[in-house]
Amino acid sequence: MFEGMDVPAASAGAPMHPCSAPPASAPARVQEPNRLQVELRASDLDSLLPADHRARLVWRYVEQQDLSVLFDAIRARGSAPGRRAIDPRILFSLWLYATLDGVGSGREVARLSQSHDAYRWICGGVSVNYHALNDFRVGNEALMDRLLSHNVAALAAVGVIRLVRVAQDGMRVRASAGAASFRRKGTLKEHHAKATEMVHSLKEQARENPGQAERRAQAARLRAAELREQQLAAALARLPELEAIKQRNGRPIDKARASTTDADASNMKMADGGWRPAYNVQLATDCASQVIVGVDTVTAGSDMAQLAPMVQQVHQRVGKAAEQWLVDGGLPAHGQLDAVADKTEVYAPVPQARAPKGKSQGQDDEQPPPAPGSQFQPKAGDSTAVAQWRQRMSTDEAREIYKDRAATAECVNAQARNRGLLRMPVRGLAKVKCIAWWYALAHNLMRTVALAPQLIGWGTGACAGAAALT
């Protein structure tokens with residue numbers, strides 16, 4: 001058979017072994033799909049999810065929250081006419097689960113509620129639409145603030161949170177506005193005048209031609225024109241604030257620009273060095289437990305004035321401020337240090353002393369460079385709090401404590417990014433703040449599962465299965 005090789009005679013006519021390769025000319029045997037086969041499947045929604053599924057965890061958490069304010073707002077009562085409202089617990093659970101799942105679109109949540117087992121289980125046969133979902137997500141800031149306070153208080157009661165050390169950091173999140181939407185005062189006034197004229201024109205057309213066939217189209221055009229007018233009016237209203245910032249920084253105030261689609265968005269320097277419309281989300285996190293204890297969203301790109309408001313917020317929420325407050329170099333303005341001196345000790349890097357400029361004309365010698373470590377020495381005009389901060393940060397103990405800031409704040413920021421906090425899906429500061437609250441509640445829910453599952457009645461067996469989801 002093969003040249004130079006002896007083949008036993010017995011194998012010449014031997015049958016082929018069953019495991020041998022079939023001849024190439026034989027047809028391949030495959031399992032083809034049969035999509036016309038009728039199947040009968042008897043199952044309920046509850047049997048679709050295992051006992052330790054995260055959707056069950058979310059529902060159990062929501063069931064234990066006080067949502068009476070949502071139920072009180074429902075107008076369908078008793079036998080009075082009107083359609084039944086969607087259970088607020090369903091809407092709350094859908095958004096909490098979607099936040100953990102990295103889904104930020106109301107349309108996508110509505111689609112998943114019909115096709116995904118976890119979302120279908122939460123709905124329990126109740127139909128939801130994206131209008132109801134989107135309205136619910138941004139309309140309950142006070143409720144979410146209260147729920148976060150209750151969550152933090154419960155964790156503090158069982159000893160999970162002790163507020164020994166808190167790390168604060170700002171995270172810039174891309175706004176839902178394009179860079180090309182920013183206009184100066186003259187352009188904004190011109191566009192606003194045209195938008196106002198368009199609104200009046202459409203109203204006149206509606207009065208002159210009230211035909212049934214055109215009524216719906218006219219109403220749609222009028223809503224769009226009124227929205228445009230409102231956005232331009234909001235942009236003009238924010239211009240004085242932006243002009244004051246330009247003036248404070250020594251720049252021409254006529255260069256101030258506001259967005260025509262999201263007036264609250266500001267051009268901020270992002271992590272990659274580029275400038276884009278964004279919001280500044282401030283998070284304060286307990287270092288020992290990595291539980292978020294404070295949330296805020298501001299339109300300023302700088303963190304310089306955000307220390308004192310966050311300390312005050314945490315003090316109101318928990319009843320005390322942390323013993324040590326860790327922030328990065330952008331936060332500790334001298335006025336902020338003075339404002340929180342009676343509440344906490346601030347740990348932040350002290351800026352290096354700048355080398356003095358050369359002497360005036362006619363003097364040849366330059367001043368000597370600053371001595372190493374001179375930034376830690378109290379300077380003329382320093383308040384007591386600032387002087388203590390300089391001396392505190394000169395010690396090795398302070399440098400060791402400060403290492404917890406990055407390990408805590410950057411970890412929490414990364415988890416929020418992984419859950420989809422890359423671009424705000426809504427416009428306007430009030431709505432953007434609600435999005436930040438959802439991420440804080442979702443984060444703290446998973447920390448509760450990891451640290452104190454008994455607070456939500458999550459058993460040890462189910463907790464073991466859900467631990468990998470934190």
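Author: **The largest pocket and its lining**

Helix α9 (212-248) and strand β4 (266-269) each supply at least two residues of the lining of the largest pocket; helices (H or I, at least four residues) and strands (E, at least two) are DSSP runs, numbered from the N terminus. This is a predicted model, in which local features need pLDDT of at least 70 and side-chain atom pairs count only at pLDDT 80 or more, while totals for chains, interfaces and linings use all residues. Residues are numbered from 1 along each chain as its sequence is written, and side-chain values use heavy atoms, with hydrogens and water left out.

With five residues, α9 gives the most to this lining. In total, 23 residues line the largest pocket, and I245, N249, R251, N267 and W275 lie nearest its centre. A pocket here is an open set of points on a 1 Å grid over the protein atoms alone, where a 1.4 Å probe fits, with protein on both sides within 12 Å along at least five of seven lines; lining residues have an atom within 4 Å of a point.

The space in the largest pocket is about 760 Å³, a volume being the space filled by probe spheres set on the points. By class, its lining has nine charged, eight nonpolar and six polar residues; Asp, Glu, Lys and Arg count as charged, Ala, Val, Leu, Ile, Met, Phe, Trp, Tyr, Cys and Pro as nonpolar, and the others, Gly among them, as polar.

Domain 2 (141-177 + 276-351 + 373-436) and domain 3 (179-259) each provide at least three residues of the lining of the largest pocket, with bounds from an automatic or database domain assignment.
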